[in-house]
Amino acid sequence: MSLSAENVRLGYDGQVIVPELSVKIPRHKVTALIGPNGCGKSTLLKSLAGLLKPYSGGVSIDNHPLASMSRRELALKLAFLPQKPQAPESIRVRDLVGYGRFPYQGLMRGASAEDKKIVRWAMNETGVESYAERPIEALSGGQQQRVWIAMAIAQKAEILLLDEPTTFLDWGHQLEVLELLERLNTESGLTVVMSLHDLNQAAQYSDNVLAMKEGALIAKGAPTDVINADLLREVFRVEAECLIGKSGKPHSIAHSSVHKAQQSREAGPHNATPSEALF
Amino acid sequence: MIAAVSGLSSHKQWLWLGALVCLLPIVLALNLFLGASELSPMEVIRTLLAGSGQEHVVRVIWELRLPRAIAAALIGSQLALAGFMLQSLTRNPLADSGLLGISAGASLGAVLVVVGAGTLSSGVAVYEQGESVLASLPAAALLGGLLSAVLVYGLSGASALTPLRLILTGVVCAAILNALVTGLLGLWGQAHTETIAAWLAGSLNGRSWEHLNVLLPWSALGLLAAILIYRPMRLLRLVDEQALSLGLNLSLWRLLTIATATLLTASAVAVSGPIGFIGLVVPHLAQGFAPGHMALQYLITAIAGAVIVLAGDLAGRLVLAPYELPVGVLAALIGVPTFLYLLRRQP
């Protein structure tokens with residue numbers, strides 16, 4: 001199932017954040033969305049998930065416009081995990097993961113044997129089955145995030161969109177979540193689209209990188225093609241060096257912000273050129 | 001260790017539910033057996049089984065105590081369930097039907113009818129028209145409650161409403177409607193102050209089959225809707241984006257949840273007058289008994305609401321006999337400390 005946005009114009013309350021953007025999300029791949037805060041990553045993700053209606057243009061799955069699908073139809077094809085999910089008070093992990101089966105259930109019918117089986121599978125995949133009976137508040141941030149992912153994959157949609165799934169986690173738990181997504185992708189062909197802040201993680205765990213700046217798509221492609229010193233300077237305003245690591249993926253090391261580099265160059269008059277003085 | 005604790009508590013949850021289920025018929029029976037006129041238990045049982053007996057006993061049981069007890073149970077359940085729904089809908093543990101202005105709207109409807117009737121036919125002695133005015137109170141209150149819910153829903157942005165906007169609009173509308181009630185009473189209500197004050201206190205005094213007939217169709221509809229909306233309603237406690245991406249038509253189910261809560265509240269308030277704190281406290285109580293188990297909480301809310309209003313009405317009839325303490329007053333007296341206690345227990 002391929003997800004694509006065509007000439008979408010996006011924003012909130014009349015304020016445009018993404019003026020015009022087209023993108024095609026490759027099937028069965030992990031796509032990472034990178035870019036500074038406020039560049040429109042979340043906005044784009046929400047519109048891809050059918051949660052934000054474009055002012056113009058459209059998003060479609062296999063040429064079916066999202067706008068013509070019901071919420072339920074969409075939920076069968078696509079799952080979305082927001083940046084700050086919220087659970088009902090002291091709900092048990094098993095029940096929360098069970099919510100993922102909602103689009104398959106009616107008003108009166110509860111969980112079928114099939115639903116229960118899939119909930120067990122989702123908890124097993126994400127390694128949360130040993131907390132099944134615990135209230136969600138009793139878990140650590142990393143465990144909670146895996147529960148949310150379990151709920152999303154219990155939906156059995158082919159596409160999973162995640163808005164900054166690692167932001168509130170410590171380093172180890174960040175890697176655990178990314179490894180989990182990588183495994184779900186390789187094992188069951190799940191298409192993953194996520195926004196990430198850490199460039200090295202984006203490079204290491206994705207097949208496809210989309211770099212955004214001020215609402216526009218600046219670069220797209222394999223990590224090695226996209227992540228380089230020029231891009232980091234342009235998109236993040238960071239002077240960095242990009243090495244190719246043992247895995248064959250680019251690895252960036254920041255030296256300074258472009259702002260500071262300019263300041264120190266301006267301080268040394270022998271370096272100041274007319275063109276740089278313009279900034 | 002946590003697993004052990006939660007295992008224990010899930011055992012305890014069912015125990016609580018069992019206790020409540022047993023408690024309901026007990027309190028219901030006590031409401032039939034006890035009261036201002038002293039009847040022997042045998043007399044009561046004989047009258048109930050045979051449907052006939054001494055005229056005086058038949059009247060007390062069939063015309064006074066039974067309809068009153070049924071009304072108490074239904075009203076308690078309805079107010080508690082409406083509170084549960086509104087707390088889910090607004091994701092706010094302090095929400096109840098006072099919040100949506102439903103109680104205030106119902107009060108305004110009732111007061112308008114009483115005051116209006118008095119002003120229009122000033123030549124007729126008040127006690128002569130008293131009966132017909134009282135009979136039209138439920139309908140007027142129901143209409144007032146429904147209209148105020150529509151008003152609050154519309155002002156909150158209708159299908160685009162957010163929980164926060166709903167709360168703020170509701171609080172403002174409730175304040176205005178309550179001010180109108182007070183204003184009306186102050187200006188034109190003198191002749192009826194007693195009638196209206198008794199109704200506004202939230203009382204079940206003298207509620208008969210006539211009142212029940214008004215209540216029953218709405219109760220049936222509301223309770224049926226309460227069952228049907230349960231599964232989608234659970235998802236309202238997630239953030240909007242999650243509920244939507246799980247396939248929930250959010251604006252539709254928000255509307256249906258508000259509509260059901262309104263139906264349950266307005267019809268209850270129409271019969272008893274506003275009874276506060278039931279909708280606020282009972283869902284919290286249920287959460288305390290069955291933490292994390294929402295289906296069980298919902299069930300406990302429905303039963304505990306009935307038990308508490310039944311017990312409150314019984315206590316109101318007995319403590320100051322032969323005078324009566326309105327159940328609304330007792331609900332506040334018991335509800336406020338309970339709520340404070342529950343609040344302190346929260347982490």
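By class, which residues make up the lining of the largest cavity? The lining has three nonpolar, four polar and two charged residues. Ala, Val, Leu, Ile, Met, Phe, Trp, Tyr, Cys and Pro count as nonpolar, Asp, Glu, Lys and Arg as charged, and the others, Gly among them, as polar.

This is a predicted model, in which local features need pLDDT of at least 70, side-chain atom pairs count only at pLDDT 80 or more, and totals for chains, interfaces and linings use all residues. Residues are numbered from 1 along each chain as its sequence is written, chains are lettered from A and ligands numbered from 1 in written order, and side-chain values use heavy atoms, with hydrogens and water left out.

**Cavities**

A cavity is a set of points on a 1 Å grid over the protein atoms alone where a 1.4 Å probe fits but cannot get out; lining residues have an atom within 4 Å of a point. Grid points are joined across faces, edges and corners, and a volume is the space filled by probe spheres set on the points. Four cavities reach 30 Å³ or more.

The largest has a volume of about 70 Å³.

Strand S6 (78–81) and helix H5 (141–154) of chain A, with helix H10 (240–245) of chain B, each supply at least two lining residues. H5(A) gives the largest share, three residues. Helices (H or I, at least four residues) and strands (E, at least two) are DSSP runs, numbered from the N terminus.

**Salt bridges**

The structure holds 14 salt bridges over all chains. The criterion is a side-chain nitrogen of Lys or Arg within 4 Å of a carboxyl oxygen of Asp or Glu.

| Pair | N to O distance |
|---|---|
| Asp115(A)–Arg101(A) | 2.9 Å |
| Asp230(A)–Arg233(A) | 3.4 Å |
| Asp240(B)–Arg254(B) | 2.9 Å |

Asp115(A) sits in helix H4 of chain A and Arg101(A) in the loop between H3 and H4, 14 residues apart. Asp115(A) is buried, at 2% relative accessibility. Arg101(A) is buried too, at 3%. Buried means under 20% relative accessible area, exposed over 50%, partly exposed in between (1.4 Å probe, protein chains only).

Asp230(A) and Arg233(A) are three residues apart in helix H9 (residues 229–236) of chain A, so about one helical turn separates them. Asp230(A) is exposed at 54%. Arg233(A) is partly exposed at 33%.

Asp240(B) lies in helix H10 of chain B and Arg254(B) in helix H11 (residues 250–272), so the pair ties together parts 14 residues apart in sequence. Asp240(B) is partly exposed at 26%, while Arg254(B) is buried at 5%.

Arg92(A), Arg94(A), Asp95(A) and Glu133(A) are linked in a network of salt bridges.

**Surface patch**

Leu107(A), Met108(A), Leu224(B), Ile227(B) and Leu228(B) form a nonpolar surface patch, with about 460 Å² of accessible area together. Patches are made of residues with over 30% relative accessible area and no salt bridge; like charges are joined within 9 Å, nonpolar side chains (Val, Leu, Ile, Met, Phe, Trp, Tyr) within 5 Å. Areas come from the Shrake-Rupley method with a 1.4 Å probe; for residues, only the protein chains shown count as cover. Leu107(A) lies in the loop between helix H3 (93–98) and helix H4 (113–126) of chain A. Leu107(A) counts as partly exposed, at 34% relative accessibility.

Definitions and conventions
On a 1 Å grid over the protein atoms alone, a cavity is a set of points where a 1.4 Å probe fits but cannot get out, and a pocket is an open set with protein on both sides within 12 Å along at least five of seven lines; lining residues have an atom within 4 Å of a point.
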